Amino acid sequence: MSTPSHPAPIAARRRISAFFYRRRWLKLLTLLTPPLGWLLIVYLAALAVLLATAFWQQDVLSGKILHTWTSANLQSIRDDSAIHTVTRNTVQMAVLVTLTDMLLAFPLAYYMVRVASRRTRSLLFLGVLMPLWSSYLIKAYTWRLMTGDAGTINWAFDKIGVGPFHIAYTTTAMWLAFSYIWLPYMVLPIYAALERIPGSLLEASSDLGGRAGRTFRSVILPLALPGIAAGSIFTFSLTLGDYIMVDLVGGNKQDFLGSLIFRYQGVANDLPLAAAIALIPVAVITVYLVLVKRLGAFEAL
Amino acid sequence: MESRTTRIALRVVAFAVMAFIYAPLLVIVMASFNAAKIPTWPIAHYSTHWWSLAMHDDRARTALENSLKVGAAATAVALLLGTAAAFALSRYRFFGKNSISLLFVLPIALPGIVTGLSLLSAISFFGITPSLITVVVGHATFCIVVVYNNVVARLRRSSVSFEEASMDLGADGWQTFRYVSLPNLATALVAGGLLAFALSFDEIVVTNFTAGFQETLPLWIYNQFRLPNTAQEVNAVAVFVIALTALPVFLAQRLMRDSGGLTGR
């Protein structure tokens, strides 16, 4: 048998292919180095600088950052009761929004999986997905229009003969807007978790005498829990770090962690203190992630 | 099976929640055609005035061009790096694989303000001048995740044996990639790319920290909100942005239907 002869470029390509084929680790290295390098150099390095910046200090006169280690920023966070209040308010809002979205998302996801026809289901799926990606800024702004004293919500209340209510620039307005914006993040993981529950399990439960409530508590809820937990990572973490909504819907009347960080950086130009405050949401989320990991949230992401 | 009452109740709640999701979007579309100079509800007169004003706004146009440039560049970087990462992590076993896959989702698990402030700290520390390039770098970092997720989902569902068969039949590595792996991945790549573009086109939190004096379309919108009497023009741009991001997401969903739907952020 004669080996087919190839023009030079193809022969060269074959040699390169064969070279990589015989050395799998080299192929892996070629594939992994660029993306891993990017994340290490851009992302992890930036996070490391953030951590370091939190322990540096701003020179009051020149505005330059002095690269001498100090725990002054952390001390001022520890002693500033205003920051404690802001942290408590932010965490409360994140929890409230997460609970609200669970209550709204679960029945919708359940309907999509167990009741809706195939066609309705795929329409609803797309219907939930599209607003997830459509402009966050604009959705926030729409809520400012809707929660205004003469906005859509009060107009609707007026039609049914109640109100008007003053919700413009209040925590209620922010709660509505946050719950609205992060809702799709909760629906999709719950949908995915419910979809994986075989119908036969529910039949088995009812054959064994479990009524609807019992089946729900003992079969559906435990199996849906990882999905709920996965969704809650998004609703919780996104609320915790937000500053746009605080500005647009909350009218900057009440500070949240995100807006506090943004203001220390942008207005006060004190990057080290802003970096130190940014460690608070990072710490809270780390604790939260450890908690929900036990519920199997990571497998349902 | 659920009882009849439960099913009806579920249907009512499901459609109420969907109405909750779509009512605000309807409001903003209608508001963009409101003839009044300040936001009013209900709308008395309709006009296309704000649309034509927005279309002839030079600053908005520059911002749009910047957004398109940044989106294209970030998507290109994300496609290359995200695909390479997906291949490496789903076709190989190696030490530290779990930590590395965690690292690839970190940019979306941490709040945007942490990512934004980190990048700003690094920009300030290394004395880099913020520009559209720093915005691209920031965007690419979380766009990689979107491409990575979609390609990994596809690779998980496709068997290695096709690639092995190709090699057995005498194809070299490049031919196998070009004629076997790539066609199989094509729709996942397009979907991931579209989503990455939509994400970048709309991003404000990280952009705000990394853009310096440059303006992308979301930044333009955000800055307009601070000026008096400009909100009505913004509504028109807002609807344009919603349409421009909805289209790629719709297309992406169609393309990924056969592999179990999109995997989001």
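Residues are classed here by relative accessible area, computed with a 1.4 Å probe on protein chains only: buried means under 20%, exposed over 50%, and partly exposed in between. The structure is a predicted model, in which local features need pLDDT of at least 70, side-chain atom pairs count only at pLDDT 80 or more, and totals for chains, interfaces and linings use all residues. Residues are numbered from 1 along each chain as its sequence is written, chains are lettered from A and ligands numbered from 1 in the order in which they are written, and side-chain values use heavy atoms, with hydrogens and water left out.

Chain B contains 11 helices and zero strands, where helices (H or I, at least four residues) and strands (E, at least two) are DSSP runs numbered from the N terminus. Its order of elements from the N terminus is accordingly α-α-α-α-α-α-α-α-α-α-α. Along the principal axes, the C-alpha atoms of chain B fill a box of roughly 70 × 65 × 30 Å. Of the 265 residues in chain B, 52% are buried. Contact is defined as heavy atoms within 4.5 Å. When contacts in chain B between residues at least 6 apart in sequence are considered, 72% join residues at least 24 apart.

The interface between the two chains was examined next. The size of an interface is often given as the accessible area lost when the parts come together. Buried area is taken as the accessible area (1.4 Å probe) that two parts lose on being put together, summed over both. For chain A and chain B this area is about 8100 Å², and carbon and sulfur atoms give 77% of it. Chain A contributes 83 residues to the contact and chain B contributes 88 residues. Polar contacts across the interface number 12 residue pairs, both residues being at pLDDT 80 or more. A polar contact is a pair of N or O atoms within 3.5 Å; within protein, one must be able to donate a hydrogen and the other to accept it, and residues adjacent in sequence count only if both atoms are side-chain atoms. On the side of chain A that touches chain B, helix α2 (residues 24-53) of chain A supplies the largest share, 19 residues. By class, this side of chain A has 61 nonpolar, 14 polar and eight charged residues; Ala, Val, Leu, Ile, Met, Phe, Trp, Tyr, Cys and Pro count as nonpolar, Asp, Glu, Lys and Arg as charged, and the others, Gly among them, as polar.

Salt bridges were assigned where a side-chain nitrogen of Lys or Arg lies within 4 Å of a carboxyl oxygen of Asp or Glu. Two salt bridges are counted between chain A and chain B, and the count over all chains comes to six. B:D172 lies in the loop between α7 (161-168) and α8 (173-202) of chain B and A:R13 in helix α1 (residues 8-22) of chain A, so this pair joins two chains. The closest N and O atoms of B:D172 and A:R13 are 3.3 Å apart. B:D172 is buried at 5% relative accessibility, whereas A:R13 is partly exposed at 26%. Within chain B, a salt bridge links B:E215 and B:R59, with the closest N and O atoms 2.7 Å apart. This pair connects distant parts of the chain, 156 residues apart: B:E215 is in the loop between α9 (205-210) and α10 (217-226), and B:R59 in helix α3 (residues 58-91). B:E215 is buried, with a relative accessible area of 15%, while B:R59 is partly exposed at 41%. Through shared partners, salt bridges join A:R13, A:R14 and B:D172 into one network. In chain A, the side chains of A:D255 and A:R263 form a salt bridge (2.1 Å, N to O), and A:R263 is partly exposed at 38% relative accessibility.

A nonpolar core is a set of buried Ala, Val, Leu, Ile, Met, Phe, Trp, Tyr and Cys residues joined through side-chain atoms within 4.5 Å. The largest such core has 160 residues, of which A:L194, A:I244, A:L248, A:I277, B:F104, B:L117 and B:I221 touch the most other members. Helix α8 (residues 171-195) of chain A gives the largest share of this core, 15 residues. Residues up to four places away in sequence not being counted, B:I221 touches A:L137, A:I138, B:V234, B:V237 and B:V241.
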